[in-house]
Amino acid sequence: MEYTLRFREVTGKALEEVLVNDGSTLNDLISALYVKYGARFMEEFNNPSGDLIGGRILILVNGDVVSDLSIKLRDGDKVTLTYLTSGG
Amino acid sequence: MCFGYRRRVLKVNLSSRTYSIDVLSDELIKGYIGGLGLAAKLFYDLVPPGVDPYSQENVVILSTGPVQGTLVPGSGRGIFASKSPLTNRFFISNFGGYLSRELKRAGYDAVVIAGRADRPVYIAVDDGRIEIRDASHLWGRTTYEAHKIITEELGDPKFQVASVGPAAENLVRFSAIVHPTPPACHAAGRGGIASVMASKKLKAIAVRGSREVEVHDGAAVHEFFKEIASKARKHPFLPTYGTTAVLGNVNRIGGLGTRNWQSEVFEGADKIDGPAIIPKYKVADMSCASCPMGCVKVTRVTDGKWAGTTVKGPEYETLYALGSMTGVDDFGAIARAARLCDDYGLDTISTGVVIAFAMEAYERGILTKEETEGLELKFGNGDAVVEMVERIAFRKGWLGNVLAEGVMRASKVIGCGSQHFAMHFKGLELAGHSPRAVKAWTLGYSVGFRGGSHHDARPHDIEYGNPVEVRAFTIDGKPELIRDTTLRVMIEESLITCRFFGGYYGIRTPSEVHAKILKMVTGIDFTVQELIRIAERIRNLIRVIEVRDGFSVEDDLNAPPPRVLYEPIPEGTSKGAYTAPKEFKHMVRKFYELMGWDFNTGIPRKEKLEELGLGHLVEDLRKLGRVK
């Protein structure tokens with residue numbers, strides 16, 4: 001797992017290895033992180049900042065944006081939790 | 001009664017040292033809103049086609065919209081407009097801070113500066129009192145020094161100052177107008193309008209105003225501020241990291257211009273990304289007028305050779321241009337180079353891109369050590385970047401003088417195939433959003449009136465949230481996306497509201513929220529359809545300005561650098577992405593069709609102009625021989 005920006009504040013780390021069962025989906029992984037990091041993580045995940053479009057949460061798998069949480073993870077996948085950083 | 005506006009345009013003629021005040025008409029307000037729309041209309045009426053940007057006939061316009069001086073969140077923006085010496089086209093540069101609010105409080109919607117003074121001057125606007133004051137003692141001073149001296153001699157630090165620096169005085173084509181708000185500053189950086197100011201011997205404009213701007217429904221504006229502020233303060237990264245947070249993600253998706261766009265993955269990104277630099281170096285949080293978000297960060301270098309350097313940001317675009325583009329991951333060197341750009345008045349984007357271009361030319365053996373006067377101009381050499389900023393600002397040596405012309409002109413002088421990697425669109429150095437990893441940007445930059453600006457269309461606001469297959473490997477829907485975001489930008493730039501509130505106000509097309517803001521502030525009811533029509537009117541007027549100046553569809557088709565059209569990204573998440581010439585041409589054709597422009601000539605169709613109430617422009621073009 002790679003945590004960026006506020007996810008880094010919530011989890012207290014930038015990187016960590018997470019073990020999941022064979023055949024686990026992205027949804028399974030997020031659920032496991034809910035349990036591990038609790039309410040603040042859930043709050044961040046579910047409602048980052050009202051109806052903000054530009055700062056919505058992005059999940060990257062190996063650098064690419066994924067919106068389908070049912071995809072199966074493979075050994076060694078790098079999952080990043082971040083936000084749509086559209087500024088600049 | 002129409003609220004939000006002052007209905008006064010101040011016109012200053014520096015040649016005759018006189019000024020006059022024009023009334024801002026209902027027709028102009030309802031047809032063009034303000035900001036960009038107002039500037040484009042004033043420019044069309046005042047500047048004849050074909051003039052040299054440095055001639056007396058060119059003007060510099062400082063423009064505001066209806067929301068400046070009000071509580072509307074993100075309204076601390078203003079616009080400088082002129083004909084750009086980089087692109088030879090009508091150009092605007094949008095900036096933050098407090099100057100635009102102060103201008104409205106002083107009683108003006110815009111200032112138009114024409115002619116040329118016989119010696120250096122600055123303009124002081126103090127409510128109704130207008131002075132053209134001697135600036136001989138300020139010539140050669142940095143922007144921060146000019147700000148300090150001017151506020152001291154006017155006797156009040158509340159004067160808001162926009163100043164040019166030595167770079168503009170040396171007619172560096174990408175010099176920036178800097179608006180210091182110590183310890184930070186804001187810049188109308190792009191397009192070299194500062195050098196147009198300096199060509200008029202105008203060092204600065206200083207403004208103080210004392211009267212609040214009246215709005216139609218103050219209670220509604222107040223409620224709106226509270227609603228947006230509660231969300232903006234919870235924004236997941238801008239209040240904490242400012243735009244520095246953008247860099248890491250752009251790198252992750254494989255779209256960060258690196259070593260002059262030879263790659264789009266920077267191995268040093270983790271060292272200069274927001275989470276690395278803000279906790280370590282930040283010394284102050286600041287904001288623009290009426291901003292509850294506060295994305296302005298001030299950092300101070302505490303270690304290494306450049307310890308003690310204090311700088312605003314650096315913003316994402318600066319970290320890209322002076323960092324990944326030059327292969328430099330030493331924050332101290334980037335901060336030092338950025339601070340020098342602010343002091344001397346240089347656009348950090350163009351400065352970084354021309355230095356990166358020279359570095360590639362040097363590494364390829366096109367530039368010799370003799371031509372660099374002994375400088376080891378290799379990627380990753382932070383000291384060389386700092387040195388080149390000095391040389392460019394003062395046009396020192398052969399190379400400094402050549403690069404001060406911008407990358408398009410420099411590549412023509414240097415030759416030897418270097419035009420292949422001169423990274424500009426229409427003469428404007430490329431901003432930090434990839435035209436390969438975000439394919440829509442190849443179209444957006446090419447049909448934008450500014451060229452390589454990340455503000456003409458804004459497809460990345462949407463495309464960064466899409467998978468690589470959508471953003472980098474298909475052209476489906478891209479012309480429609482660019483049409484929509486172009487129209488949205490026309491309204492944002494005319495209101496004028498900050499990009500970072502786009503998440504609340506709309507990021508694709510003109511929206512109900514834009515209409516709501518206009519209603520609360522001005523009292524005028526605009527439907528979204530009417531706003532779309534106004535946006536089209538503004539873009540078509542600018543298109544006619546381009547046509548009047550001799551530009552055609554060929555200039556759009558020839559806009560992308562060869563690297564974008566022929567070199568796939570070599571690594572990273574977006575590996576393999578580029579914009580093939582055939583698909584690019586297809587996108588341009590479709591965009592023209594959507595805009596009502598003739599693909600054979602690039603001219604808006606007569607019926608389109610008539611539909612927008614611009615039918616009279618056809619006659620203007622006929623007189624110039626542009627249409628039969």
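Is B:Arg450 buried or exposed, and what is its relative accessibility? In this predicted model, B:Arg450 counts as buried, because its relative accessibility is 2%, below the 20% cut-off.

Let us stay with this arginine for a moment. B:Arg450 sits in the loop between helix 18 (440–447) and helix 19 of chain B. Its side chain reaches the backbone oxygen of B:Ile92 at 3.2 Å. Apart from neighbours within four places in sequence, B:Arg450 touches B:Thr87, B:Phe91, B:Ile92, B:Phe425, B:Leu428, B:His455, B:Asp456, B:Val489 and B:Glu493.

Another loop residue of chain B is worth a visit. B:Asn58 lies between helix 2 (35–46) and strand 3 (60–63) of chain B, and B:Asn58 is buried, with a relative accessible area of 0%. Beyond neighbours within four places in sequence, the contacts of B:Asn58 include B:Phe43, B:Val47, B:Asp52 and B:Pro53, along with B:Ser82, B:Lys83, B:Ile113, B:Ala114, B:Val196 and B:Lys200.

Here are the two residues side by side.

| Residue | Relative accessible area | Class |
|---|---|---|
| B:Arg450 | 2% | buried |
| B:Asn58 | 0% | buried |

Now to the hairpin. Strand 1 (residues 8–13) and strand 2 (residues 18–23) of chain B run antiparallel and are joined by 6 bridges. Within this pairing, B:Val9 stands opposite B:Asp22 of strand 2. The hairpin leaves 4 residues between the two strands, and B:Arg17 in the turn has a positive phi of about 55°.

Finally, the meeting of the two chains. Chain B and chain A bury about 2600 Å² between them, with 58% of it on carbon and sulfur atoms. In chain B, the most area is lost to chain A by B:Pro236, B:Asn249 and B:Arg252, together 24% of what that side buries. The contact takes 33 residues from chain B and 29 residues from chain A.

How many salt bridges does the rule find across the interface of chain B and chain A? The rule finds 1. B:Arg252 forms a salt bridge with A:Glu2, and the closest N and O atoms are 3.0 Å apart. Elements that give two or more residues to the side of chain B touching chain A include helix 8 (238–241), helix 9 (246–252) and helix 12 (316–322) of chain B. Helix 9 gives the most to that side, with 3 residues. By class, that side of chain B has 14 nonpolar, 12 polar and 7 charged residues.

Key. Residues numbered from 1 in each chain as written. Chains lettered and ligands numbered in written order. Predicted model: local features only at pLDDT ≥ 70, side-chain atom pairs only at ≥ 80, totals over all residues. Heavy atoms only, no water. Buried < 20%, exposed > 50% of the residue type's maximum accessible area, 1.4 Å probe, protein only. Contact = heavy atoms within 4.5 Å. Pairing = 2+ DSSP bridges. Buried area = accessible area lost by both parts, 1.4 Å probe. Salt bridge = Lys/Arg side-chain N within 4 Å of Asp/Glu carboxyl O. Nonpolar A, V, L, I, M, F, W, Y, C, P; charged D, E, K, R; others polar. Polar contact = N/O pair within 3.5 Å; in protein donor to acceptor, adjacent residues only side chain to side chain.
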